[in-house]
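Hi,

Here is the structure you were going to look at.

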Amino acid sequence: MRRFDGAAVLVTGGSSGIGLATAQAFLEEGARVAITGRDEKRLRKARADLSALGKAVAIRGDVSKPVDAKRFVAQATRSLGSLDVLVNNAGIYINRPIVELTESEYDRVLDINLKGAWLCTKYVLPGMLERGRGAIVNVASDSGLVGTAGSSAYCASKGGMVLLTMAVALEVAGRGVRVNAVCPGEVDTPMLWAEAEGSGKGDAYYEELFAAIPMKRAAKPEEVAAAILFLASDEAGFMTGAAMSVDGGSTAH
Ligand SMILES: NC(=O)c1ccc[n+]([C@@H]2O[C@H](COP(=O)([O-])OP(=O)(O)OC[C@H]3O[C@@H](n4cnc5c(N)ncnc54)[C@H](O)[C@@H]3O)[C@@H](O)[C@H]2O)c1
């Protein structure tokens, strides 16, 4: 008996990085999985890879658009049956001083990272509450717990996500649905690689970054996925409204 045998799981932003590792881990534990993403080619490749492990469907769309978020939930429910788990993972990162960041960039970060999670939660909850069963895991960040210079919009979005987690957890507590967040530090994914490339520092970027992390390395996406699966599982049955750090000690001070 695997931990998620027969469960139906929706992972937003599931075509790369943490989302892809999470979809893979759920499939390995017996779940059926729907992933969402924006890029058709990447989505198709991810779906083909995931299908080797079990039932996987891919849904294209933009999580920040209400019609798309609603369709993610409807289409995933139609393909897999009632949803047991939602992982709000889709996100973007922009690192630039506040005086240089444009208003539209701020809006984009907040719309995708925070409003996208709010929308998917809003649309998935009625089904979960009706069945009296479900788990939602929000992929926040250590930047949702402490400030990071140059990340005003990102920190605002992830800090908002931590409190969104707590507020919704309280709203549905005692009705069979748990809502928790993971707060990863640096993770070895395309998001981090893009940041390294943009810095123009080459290997020195990673050396400086890792030197500042107590465990002196980034997380593997699988290590974040493991925390997500734990929070979604019955083993975390008394956890709701929690923001769990997976950051190699970065916020342990
Ligand atoms: N990599 C890190 O160091 C790190 C650290 C802390 C938190 N996180 C968070 O983890 C999550 C996953 O990021 P990742 O590191 O795997 O990076 P990633 O870039 O590999 O994954 C992000 C995913 O989100 C999807 N996405 C972005 N905008 C979208 C939109 N508008 N609609 C639908 N999907 C969209 C992308 O297609 C991609 O699949 C993000 O929320 C990110 O903020 C990452």
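Axes here are lines fitted to C-alpha atoms, for helices over the stretch in contact, and angles run from 0 to 180 degrees between N-to-C directions. The element names come from DSSP runs numbered from the N terminus, with helices (H or I) of at least four residues and strands (E) of at least two.

Two housekeeping points before I go on. This is a predicted model, where local features need pLDDT of at least 70 and side-chain atom pairs count only at pLDDT 80 or more, while totals for chains, interfaces and linings use all residues. Residues are numbered from 1 along each chain as its sequence is written.

Back to that pair. H1 passes H8 in a right-handed crossing (a crossing is left-handed if the near helix is turned anticlockwise from the far one by less than a right angle, and right-handed if clockwise). On the H1 side the contact has Gly17, Ile18, Ala21, Thr22, Ala25 and Phe26, and these meet Pro221, Glu222, Val224, Ala225, Ala226, Ile228 and Leu229 in H8. For contacts, the C-beta atoms of two residues, placed from the backbone, have to lie within 7 Å. By class, the contact of H1 with H8 has 10 nonpolar, 2 polar and 1 charged residues. The classes are: Ala, Val, Leu, Ile, Met, Phe, Trp, Tyr, Cys and Pro nonpolar, Asp, Glu, Lys and Arg charged, and the others, Gly among them, polar.

Next, the ligand. Its shell holds 28 residues, and the closest are Gly13, Gly17, Gly91, Thr189 and Met191. Helix H1 (17-28), strand E2 (32-37) and helix H6 (190-199) are the elements that give two or more residues to this shell. To count as near, a residue needs its C-beta atom, placed from the backbone, within 6 Å of the molecule. The shell splits into 12 nonpolar, 13 polar and 3 charged residues.

With helix H5 (residues 152-172), H4 packs at an angle of about 15°, with the axes 9 Å apart. That makes H4 roughly parallel to H5, and H4 passes H5 in a right-handed crossing. Residues making this contact include Glu105, Tyr106, Val109, Leu110 and Asn113 of H4 and Ala153, Tyr154, Ala156, Ser157 and Lys158 of H5. In classes, the contact of H4 with H5 comes to 15 nonpolar, 4 polar and 2 charged residues.

Serine 157 is worth a click: it lies in helix H5. Serine 157 is buried, with 29 other C-beta atoms within 10 Å; the cut-offs are 20 or more for buried, 12 or fewer for exposed and partly exposed in between, with C-beta atoms placed from the backbone. Leaving aside neighbours within four places in sequence, serine 157 is in contact with Val109, Leu110, Asn113 and Leu114.

The other packing is helix H3 (residues 66-80) against helix H4 (residues 103-131), at an angle of about 40° and with axes 9 Å apart. H3 and H4 are therefore oblique to each other. H3 passes H4 in a right-handed crossing. Among the residues in contact are Pro66, Ala69 and Lys70 of H3 and Gly116, Leu119 and Cys120 of H4.

Proline 126 is also found in helix H4. With 10 C-beta neighbours inside 10 Å, proline 126 counts as exposed.

What is the phi of lysine 216? It is positive, about 60°, although lysine 216 is not a glycine. For background, most residues other than glycine have a negative phi. Lysine 216 sits in the loop between helix H7 (203-211) and helix H8 (221-232), and counts as exposed with 11 C-beta neighbours inside 10 Å.

One more loop: glycine 150 is found between strand E5 (134-139) and H5. Glycine 150 counts as partly exposed, with 14 C-beta neighbours inside 10 Å. Setting aside neighbours within four places in sequence, glycine 150 is in contact with Asn95, Arg96 and Pro97.

Cheers

Note on methods:
Angles under 35 degrees count as roughly parallel, over 145 as roughly antiparallel, 65 to 115 as roughly perpendicular and the rest as oblique.
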